[in-house]
Amino acid sequence: DPGRRSGWVWEVDPATGKATKLTGMGFMSHEQVAFAAGSWYLSDDQGDFRFMYRFDPASGGDLRTGDLYGLKFDRTTMTGTWVGPLDPTDPHAAMVSRGISVSTYGFWKGEGIVPGHDRGSLFFTESASSTNPGNVWEFTHLRPDGLRGEMIVAGDFARLSRPDNLRTSPSGDLFIYEDGGTGGDQIWVLPKGETGADNLILFANVNPALEPTGPWFAKNGKVLYMSLQGGPESPKPVPATMNSRVIAITGNF
């Protein structure tokens, strides 16, 4: 996109439709944005190794200007430090120009990122590719100078493959949506406080022609809204049963 029309975060007023480009949040292949511990955290889904970012607005809820930082995450100590402020027009290049190796200190295809149940932590999916099935991370001790990380689920293709969208339920369980899992995508639940693929509970199997995405819980905790997204894998013409749709699942979450 030479004109750089895409690659930005937008703030849209649902009542009026007014859209504001938030250039301070950086130019990248944005996947998801999460608010936790007073800052905004962003994932970069370019498809290769990329960094995670943090945005601190200059003035409260006005997200048009502020400072953007990149995460240098050390997998030996499982700690990360924030580097910046960065040039928001090319934050990835700004990190690399500082001599920070993205394959060493970044993540392999960053996707979903959501706040923890208490909004003082973050859950993040590293979808990866090739022989790496992907991982789910939890970040805690979110501070201006850094954070701590823990890989709470390591994918193994059998129990978890290509984790993408995330959402915490009202009771604190973590819903994990696959994108590109072997034999069709699945939706898993990691109970609150648990770690490891062995503790995942299978919530749903999804038609291989569809991708489960966009989970969101109703305020009363009894409805899970989500999308079933048709894609290139769908046969042509697309049968009515494989059309993209939004569904609602009722239950006590």
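User: Among contacts in the chain between residues at least 6 apart in sequence, what percentage join residues at least 24 apart?

Analyst: The model is a predicted one. Within it, 44% of the contacts between residues at least 6 apart in sequence join residues at least 24 apart. A contact here requires heavy atoms within 4.5 Å.

User: How do you know whether the radius of gyration of the chain agrees with that of a compact globule?

Analyst: The rule for a globule is 2.2 Å times the number of residues to the power 0.38. For 253 residues a compact globule would have a radius near 18 Å, and the chain has 18 Å, so the value agrees. Along the principal axes, the C-alpha atoms fill a box of roughly 50 × 45 × 35 Å. Of the residues of the chain, 46% count as buried.

User: What makes strand β16 largely enclosed by the rest of the structure?

Analyst: A residue is called buried when its relative accessible area is under 20%. Five of the five residues of β16 (residues 186-190) are buried, and the strand is therefore largely enclosed by the rest of the structure. Q186, W188 and L190 point one way from β16, while I187 and V189 point the other way, and all are buried.

User: How do you know that β16 pairs with strand β15 and with strand β17?

Analyst: Pairing requires at least two bridges between two strands. Strand β15 (residues 174-178) and β16 have four bridges, in the antiparallel sense, with F175 opposite V189 in β16. Four bridges also join β16 to strand β17 (residues 201-205), again antiparallel; here Q186 stands opposite N205 in β17. The chain as a whole has two helices and 20 strands.

User: What is the volume of the largest pocket, and which residues are the closest to its centre?

Analyst: The largest pocket has a volume of about 420 Å³. It is lined by 18 residues, of which P115, R119, R167, T168 and W216 are the closest to its centre. Elements giving two or more residues to this lining are β3 (30-36), β10 (110-115), β14 (163-168) and β18 (210-217). Of these, β3 gives the most, with four residues.

User: How do the residues of the linings of the largest and second largest pockets divide?

Analyst: The lining of the largest pocket has 10 nonpolar, five polar and three charged residues. The second largest pocket, with a volume of about 220 Å³, has 15 lining residues, and the closest to its centre are F123, E138, G172, K192 and G193. Its lining divides into five nonpolar, five polar and five charged residues.

Definitions and conventions
Residues numbered from 1 in each chain as written. Predicted model: local features only at pLDDT ≥ 70, side-chain atom pairs only at ≥ 80, totals over all residues. Heavy atoms only, no water. 1 Å grid on protein atoms, 1.4 Å probe; cavity = no way out; pocket = protein on both sides within 12 Å on 5 of 7 lines; lining within 4 Å. Points joined across faces, edges and corners; volume = space filled by probe spheres on them. Nonpolar A, V, L, I, M, F, W, Y, C, P; charged D, E, K, R; others polar. Buried < 20%, exposed > 50% of the residue type's maximum accessible area, 1.4 Å probe, protein only.
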